[in-house]
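Me: I have a structure open and would like to go through it piece by piece. Could you help me read it?

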Amino acid sequence: MSAESPFVSDVPAVAALDAWREARAAAGCPARVEVIRVPVGAAVGRVTAEPVWARRSSPAFDSAGMDGIAVRAADTVGAAETTPVLLAADEFEVVDTGDPLPTGYDAVVMREHVHRTGEGAAELRAAVPPYQHVRSIGEDISATELLLPEGHRLRPVDVAACAAAGATELAVRRAPVVVIVPTGDEIRPIGTEPAAGEILDTNSLMLAAQARELGCDARVTQIVADDPEAITAALRAAAVDADLVILVAGSSAGRDDYTARVVAGAGTLAVHGVAVRPGHPVVLGTVSGTPATPVLGAPGYPVSAALTFDIFAAPLLADLEGAAPRERPSTTARLARKLPSAIGMDDWVRVRLGRVQGEVVATPLPRGAGVLTSLVRADGLLVVPAGLEGRHAGEQVRVELLRGLGEIGRTIVAIGSHDLVLDLAASALRAQDPLVSLASSNVGSLGGLVALRDGLCHIAGSHLLEPSTGEYTLPFVDKLLGAGPDVAVVRLVHRDQGLIVAPGNPLGLTGVDDLTRPGLRYVNRQRGAGTRALLDHELARRGIDSAEVSGYSREEHTHLAVAAAVAAGRADTGMGILAAARAFGLDFVPVAQEPYDLVLRTPTMADELLAPLWALLERPEFRASVEALGGYSCAETGRRIR
């Protein structure tokens, strides 16, 4: 480790995997987990440890493939509608599906094609070829044939086929054992109430679930304090029973980050620092023992931890079972907005997906390593390779799917200004029909209109104010999209905008004029946001230069983020909606009431995809739930204003 850098190096992910594999081999880590024999019914999800050969044929005898009668095909020659053939009762036998074919017969006539006479004879009006509707011996499986190769992960259909071929038990690799060791003085167990500066141990919960999803036996130890000796002891104890130990947090270069040092002291440190974002401070190594055990030091931020598992743990666990890593399907999508990226690192970005005008559109989610909700809302993953500085809006990108394309096709894509009503609508639509999704991305009103212009969304949320006329949205629609009949504007709500302040308004703020007070800390919305345009208008009306507002250049992308900054004491005030203030138990100084509209292409109005949304806006109970948020009026909700 150099004196200049806390990391050994920024190793590319592929090289890091190779280095870890070599370190495991050198340390004597087992290449595979042991072979066990399990009943065929308990083998789903396991990986075959040897080829599976058929012990018997299926079917094991010639059998009837239909309900009907067994006949000799030669006896039916000449049968037709005009010249039926009559078979006496002793010239056929009644059979049901699966019955052995009676001796001397070579075909089956379906019951509905047989006309019975009162004397018990069978009248046939069509000739049948030999072996019609007969399942020949070995039609499905022939004895001694290879049914499944070694290294095959067993599915329900596989174990059924094995049972049909005579297997009662199978030789498989046992489930790999993953032991997760959470570390950190600030970490608290799930179910406790964390104090300021404390964090719930959600990473262990998530990583264990990821391991179980891959068919592993996952265990979580007690939380270990930030003490090198305690972490070393916990690591060695975990390694006794584990095929992989994951140390959570402590992998970076802070004063309490001991993972790299502990791994180096307990075995071999192969890699510290990988050229991947998020997830840069990864530790890969081994723990000495008989045998040695692989260890992965996962970063403490949840997005980094989840990605680290996917990139490094999942391939190792597949190797241990002798199986190919599970691969997700992928698709091509158009990028909804510009995506900058730091050169030199593979940048893994989670995206929302939807189908707009026949193309899949990908909208990047917030990229912070600690933004757990980006994992929850993601429909896909795209990688910006280390050699690129980003991707351009509208560019075709390859996306690894986390949801099926069918679900994505039922997603309403909303891009533009943030509003809590869209979040409420998303929940209500999903509760009404689990196949319908509303995915909103918050890029500001102007960004939403540009996305609509470029065919990257179904609807754009907008509340942009034109200061010279006092008119909302329509002037910008005319400028960006044209004033023709191709564009529709639907009123969603009227809402109260104002200054979000601490409970009790301790600074006694009365309005926009107070924003120039010395020492007052303001938090703004991003460029292109309607709320920022409103503030700029109010400042201009008063002849106030934005430079006089301390914090004007500090930006957040949602009303809730502004409210959170005030609630945390990081800012004294910010412009936002009343509902956001109420969500955080804050007070509110009214400034204006404004309309918030949905802009869309006129043909989209009649699209079946959006029909549930229009129906929802008409429901009295939905409107009541909107107004219950505070600061909303639904008097014009659903009205088409253009």
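Me: What is the handedness of the crossing of α3 and α6?
Reply: The crossing of α3 and α6 is right-handed. A crossing is left-handed if the near helix is turned anticlockwise from the far one by less than a right angle, and right-handed if clockwise. Helices (H or I, at least four residues) and strands (E, at least two) are DSSP runs, numbered from the N terminus. Please note that this is a predicted model, in which local features need pLDDT of at least 70, side-chain atom pairs count only at pLDDT 80 or more, and totals for chains, interfaces and linings use all residues. Residues are numbered from 1 along each chain as its sequence is written, and side-chain values use heavy atoms, with hydrogens and water left out.

Me: At what angle do α3 and α6 pack?
Reply: Helix α3 (residues 202-213) and helix α6 (residues 302-321) pack at about 20°, and their axes are 10 Å apart. That angle makes α3 roughly parallel to α6. Axes are lines fitted to C-alpha atoms, for helices over the stretch in contact, and angles run from 0 to 180 degrees between N-to-C directions. Angles under 35 degrees count as roughly parallel, over 145 as roughly antiparallel, 65 to 115 as roughly perpendicular and the rest as oblique.

Me: Which residues of α3 and α6 meet?
Reply: From α3, Asn203, Met206, Leu207, Gln210 and Ala211 meet Pro302, Ala305, Ala306, Phe309 and Asp310 of α6. The residues of this contact (heavy atoms within 4.5 Å) divide into seven nonpolar, two polar and one charged. Ala, Val, Leu, Ile, Met, Phe, Trp, Tyr, Cys and Pro count as nonpolar, Asp, Glu, Lys and Arg as charged, and the others, Gly among them, as polar.

Me: And α4 with α5, at what angle do they cross?
Reply: Helix α4 (residues 228-241) and helix α5 (residues 259-266) cross at roughly 55°, and their axes come within 10 Å. The angle makes α4 oblique to α5. The crossing of these helices is right-handed. Pro228, Ile231, Thr232, Leu235 and Arg236 in α4 meet Arg261, Val262, Val263, Gly265 and Ala266 in α5. By class, this contact has six nonpolar, two polar and two charged residues.

Me: Now α9. Is leucine 420 buried or exposed?
Reply: Leucine 420 lies in helix α9 (residues 420-432). With a relative accessible area of 11%, leucine 420 is buried. Buried means under 20% relative accessible area, exposed over 50%, and partly exposed in between (1.4 Å probe, protein chains only).

Me: What does leucine 420 touch?
Reply: Not counting residues up to four places away in sequence, leucine 420 touches Leu560, Ile577, Ala579, Ala580, Leu629 and Tyr632.

Me: Which residues of α9 meet α16?
Reply: Ala425, Ala428, Leu429 and Gln432 in α9 meet Pro612, Leu613 and Leu616 in α16. The axes of α9 and helix α16 (residues 611-618) come within 11 Å and cross at roughly 110°. That makes α9 roughly perpendicular to α16.

Me: Which residues of α13 are buried?
Reply: In helix α13 (residues 559-567), His559, Ala561, Val562, Ala563, Ala565 and Val566 are buried. These buried residues pack against several elements, including β35, α12 (530-541) and α14 (578-583). After α13 comes glycine 569, whose phi is positive, near 80°.

Me: On to strands. In what order do β1, β2 and β13 lie?
Reply: The three strands form an open, antiparallel sheet in the order β1-β13-β2. The edge strands, β1 (35-39) and β2 (47-48), each pair on one side only. Two strands pair if DSSP finds at least two bridges between them. Five antiparallel bridges link β1 to strand β13 (residues 169-173), and valine 38 stands opposite leucine 170 in β13.

Me: What covers the picture for β32, and which of its residues are buried?
Reply: Both faces of strand β32 (residues 459-462) are covered, with Ile459 and Gly461 buried on one side and Ala460 and Ser462 buried on the other. Strand β30 (residues 411-416) runs parallel to β32 and is joined to it by three bridges. Strand β39 (residues 587-601) pairs with β32 in the antiparallel sense over four bridges. The bridge partner of glycine 461 in β39 is leucine 598.
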